[in-house]
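Subject: Structure handover

Hello,

Please find the structure below. My notes on what was found in it follow.

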Amino acid sequence: MTSFKLDYESVKSEILPPFSLNLNESYTTAIYSDTDMQAELLHTIRSNGEITVFDQQEGLYDRLTVVDNVSFYRKWFGCPIPLPEILVLFELQMCAKKPLRKCSQSEICRVYYAKYYMMNKHPMVFQEPIHGVDIKTINTFINMLKKVTDNKTPALILVSNLEHALLLSDVAYKLQEKGLQEIEVDIAEKDEVTPEAESAPKPSTLKLFKIPAKVEDKVILFDPLEIDYIESQDGRAMIVINEESFALDSTLAEIEKKLEVYGFYRCHRSYIVNLQKVREIITWSKNTYSLRIDNKPKSTIPLSRTKIQSIQDMFNLK
Amino acid sequence: MNTQRIGAIFEKDLKDFMKNMMLLMMPIIPIVLALIYSRLGGDEGLPIPMLYLIVGVTFSSVTASCMMTMMAEENEKKTLRGLMLSPASFLDIIIGKSLVVGLMSLVALAISLFLVGIEPFLNVQATIGLILLFLFFLFLGIGIGLFTKSIASTSAYLMPVMFLFGFTPMIDFLVLGEDNIAITIADLFPVMQLIKMHDTNSWTSIGIVAIWAIGAALFTYICFKKSRTDD
């Protein structure tokens, strides 16, 4: 099995920009875009008929038990891996005898993963694979991706959520009208150095400090403590509060400087988190980390490997 | 054709059949009908047209109806998406399902005929006739199942199949007169031909039923081609 090339340079579409992308077999690729762009991309991928997209839209046999479903798909696709091994790999052994219609959404999701894994397609394209599932299920999906990569099968994940893109993939791209660009995942230290030189003037009235954000023609002032986290989109900082986000005029580095005193922390190249709102530090199986925020959508934001030590120090964790 | 895949479909559909109340009730109909008629018959056993009525009900309510329902359910729930690897795998699915339906029809037919007396069917000619009749209803079920998109719509298609081909002996009870056009046409229907065969022992009746079966097979083939091009 070798790498796979998506070549859409010559596609004529009003939404989709022309691009080509090499899917490497030794790592997972993600494309992050908004839902309209994603729908257009899916349409383009499907139109040449060569690639099957795993979107969990097809039905499973909901009267049958989990084990009956999995064993049927295993036989149908002629998968050589023994059935118990598949069940354990996807954490289905506990609900094996449950009919599918009584299973939770996460359990059904894991049956889909098992089916897709056994289909053994080349390449594998997933659409929103971990949308609305629990942590255990995300972990099984990450494990599966690792196996897929070990099999030298290129995997592509389409998501409309930056956190998911960064969590699941080794290389993440952002797809916009102007084209496809790579999202840098590693924290480059040089980025940290530049703001030092500027030495932003300290706000004189520290106690009255508010963060201004523009919404259409209004300016909204946010109390730093109500902010959940700040993410960077195209070099601009976006304040996220529950499901809403508001654009800031400054860059992430500038805002980081100002908010440090309020207990904000740069946990990732593209994220500043309000440490007061962190509920959980999640350790994923491939030695990556996420922070779970105590807000309505229970957002998880990525935590860089290099930053885990200082976070642990901050919370006095060993 | 791939025997491993056919086996997988057979096993899956057999399990699914056992858990689907809608399908499980179907074989009960001819058995209950046979039970009621066997009380009416007395010592001499039932007349041949009554026996064929039960055969017709079995094949239309078990064979054709279950096949239609199973295919329609797969269409409705989109479970077939992703299973189709090649046109050949579609054949595997149909064969696997036909085996399940065949097994169920055999069980229902055997039980109901034991209740009303199986002796008239224990010769080569009658057995061939039954097999051809089974194929006719099976192809009819597959063909209709290919284009129905939901379970609810199958009952609309099932009714004409059941009344035209299953209950044909009943047309005599409508008392329309000997040379009524309806009776003449109905006499050519497969079940009527098989009843005639018992009177005359002629092989032409078998031949006519075989033509019906081939016609149903053609109908299935056309539906198959059409459903392929729709995709």
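Helices and strands here are DSSP runs numbered from the N terminus, helices being H or I of at least four residues and strands E of at least two. Two strands pair if DSSP finds at least two bridges between them. Strands of a sheet pair through backbone hydrogen bonds, either parallel or antiparallel.

This is a predicted model, in which local features need pLDDT of at least 70 and side-chain atom pairs count only at pLDDT 80 or more, while totals for chains, interfaces and linings use all residues. Residues are numbered from 1 along each chain as its sequence is written, and chains are lettered from A and ligands numbered from 1 in the order in which they are written.

Chain A, strands

β14(A) and β15(A) form a hairpin with 2 residues between them. Strand β14 (residues 264–268) of chain A pairs with β15(A) in the antiparallel sense over 4 bridges, and A:Tyr265 stands opposite A:Val273. Strand β11 (residues 229–233) of chain A also runs antiparallel to β15(A), joined to it by 3 bridges; here A:Glu231 has A:Tyr271 as its bridge partner.

A residue is buried if 20 or more other C-beta atoms lie within 10 Å of its own, exposed if 12 or fewer, and partly exposed in between, with C-beta atoms placed from the backbone. By that rule strand β15 (residues 271–274) of chain A is covered on both faces: A:Tyr271 and A:Val273 are buried on one side, and A:Ile272 and A:Asn274 on the other. Strand β8 (residues 179–183) of chain A is hardly covered, with 0 buried residues among its 5. Its partner is strand β7 (residues 171–176) of chain A, paired antiparallel over 5 bridges. The two form a hairpin with 2 residues between them, and A:Gln176 is bridged to A:Gly179.

An open sheet of 3 strands in chain A has the order β16-β17-β18, with antiparallel pairing. β16 (278–283) and β18 (300–303) of chain A are at the edges with a single partner strand each, so one side of each has no neighbour in the sheet. Neighbouring strands of this sheet are turned by 30 degrees against each other on average, direction ignored. (Axes are lines fitted to C-alpha atoms, for helices over the stretch in contact, and angles run from 0 to 180 degrees between N-to-C directions.) Strand β17 (residues 289–293) of chain A pairs with β18(A) over 4 bridges, and A:Leu291 has A:Ile301 as its bridge partner.

Chain B, helices

Helix α4 (residues 48–77) of chain B packs against helix α9 (residues 190–200) of chain B at an angle of about 145 degrees, with the axes 10 Å apart. Which residues of α4(B) and α9(B) make the contact? From α4(B) come B:Ile48, B:Pro49, B:Tyr52 and B:Gly56, and from α9(B) come B:Val191, B:Leu194, B:Ile195 and B:His198. (Two residues are in contact if their C-beta atoms, placed from the backbone, lie within 7 Å.)

Between the chains

The contact takes 15 residues from chain B and 12 residues from chain A. Helix α1 (residues 3–19) of chain B supplies the largest share of the chain B side, 8 residues.

Regards
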